[in-house]
Amino acid sequence: MVACGVAMSFGSVRLAFAESAPRADRDEVVEQTIEVKGVLDGRNKRFVAGGGLGDGGQSEGQKPIFELTPGATLSNVKIGSPAADGVHCQGSCYLFNITWEDVGEDAATFRGRDATVVVDGGSASNGSDKIFQDNREEGGFLTIKNFSVDGYGKLYRSCGNCSKQAARGVWIENVTATGEGEAIAGVNTNLGDWATLKNVKVDGDVPLCKLFEGNDRGEEPRTMSEEPDGKSCKVEE
Ligand code: ADA
Ligand code: CA
Ligand code: CA
């Protein structure tokens, strides 16, 4: 959660109201998950979760603000605080220029078989754990590109303990990571995951990959290594 204040170095009280009021008007408090079919262009409007979706903390089982049906596109949306469980994709989906201002339990979750997912543009801030949670079943492909993250656990995590596991592939390109972080990509080496990272710039001493032994029993996965192994984790310049 971000503690957010507006510093006004000059100007009257009236100016302060005039500047904050329109923003509040544009925010949409989402009480029931918005189902997206086809294309939803948010035109940079800000959405926040109502209490029924979740508080944006780390408890599992919160609801998303947006749920994309297979093939749907969501673009130009700001997700404010609280963000609950962010965005869910049931299958293939396209997330263009989405800004998570204060990531909730996670920012986006990917599901389904043969799901081709593209995250292009946008940013995520102040995540406590995972940003992109990949729970997909077999087939398909995930691309994360032209993205920046500031404060995160893992930018990407192939689910370590989902009941339906699969070999999941991700391509991560043109990404900038700042602030505290744990790893860019978390993958399960024993399940055939593979992540390729290209032009990923990381601030501080954060490993590009964390390699895990995944399971399908809901257990906490075991960490195997933090070194790219050229297979489950490949780094290109
Ligand atoms: C954790 C949890 C998974 C799944 C995931 C999610 O990783 O262990 O089972 O719930 O979060 O989708 O948020
Ligand atoms: Ca989670
Ligand atoms: Ca989640």
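In which sense do strand β10 and strand β12 pair, and over how many bridges? The first legend below answers this for the predicted model.

**View 1. Pairing of strands β10 and β12.** Strand β10 spans residues 130-134 and strand β12 spans residues 154-158; the two pair in the parallel sense, over 4 bridges. Asp-134 has Ser-158 in β12 as its bridge partner. Strands of a sheet pair through backbone hydrogen bonds, and this pairing is either parallel or antiparallel.

**View 2. The open sheet of 9 strands.** The strand order is β2-β4-β6-β8-β10-β12-β14-β16-β17, and the pairing is mixed. At the edges are β2 (34-36) and β17 (222-225), each of which pairs on one side only. On average, neighbouring strands of this sheet are turned by 20 degrees against each other, with direction ignored.

View 3. Asp-85 is in the loop between β5 (72-79) and β6 (87-89), whereas Glu-105 is in the loop between β7 (93-100) and β8 (108-110), so the pair ties together parts that are 20 residues apart in sequence. Asp-85 and Glu-105 are both buried.

**View 4. The site of the calcium ion (ligand 2).** Glu-60 and Glu-105 coordinate this ion, each listed with two OE donors, at 2.4 to 2.8 Å. The two residues link distant parts of the chain: Glu-60 is in the loop between β3 (39-49) and β4 (66-68), Glu-105 is in the loop between β7 and β8, and 45 residues separate them. Around the calcium ion (ligand 2), the 6 donor atoms subtend angles of 50 to 160 degrees, and the arrangement is therefore irregular. Glu-60 counts as exposed because its relative accessibility is 61%. Glu-105, at 3% relative accessibility, counts as buried.

**View 5. Glu-105 between the two calcium ions.** The calcium ion (ligand 2) and the calcium ion (ligand 3) lie 3.6 Å apart and are bridged by Glu-105. This residue coordinates both ions.

**View 6. Surroundings of ligand 1.** The residues around ligand 1 are Glu-60, Glu-105, Asp-106, Lys-130, Gln-133, Asn-135 and Asn-161. Lys-130 places a polar side-chain atom 2.8 Å from an oxygen atom of ligand 1. For Asn-135, an N or O atom of the side chain is 3.0 Å from an oxygen atom of ligand 1. For Asn-161, a side-chain N or O atom is likewise 3.0 Å from an oxygen atom of the ligand.

**View 7. Ser-232 and its contact with Asp-193.** Ser-232 is located in the loop between β17 and β18 (233-236). Its relative accessible area is 5%, so Ser-232 is buried. The Ser-232 side chain reaches the backbone oxygen of Asp-193 at 3.4 Å.

Methods
Residues numbered from 1 in each chain as written. Chains lettered and ligands numbered in written order. Predicted model: local features only at pLDDT ≥ 70, side-chain atom pairs only at ≥ 80, totals over all residues. Heavy atoms only, no water. Donors = N, O, S within 2.8 Å, 3.2 Å for Na, K, Ca; no water. Buried < 20%, exposed > 50% of the residue type's maximum accessible area, 1.4 Å probe, protein only. Tetrahedral: all angles 85-135°; square planar, octahedral: opposite > 155°, others 65-115°. Pairing = 2+ DSSP bridges. Axes fitted to C-alpha atoms, helices over the stretch in contact; angles between N-to-C directions. Near = heavy atom within 4 Å. Polar contact = N/O pair within 3.5 Å; in protein donor to acceptor, adjacent residues only side chain to side chain.
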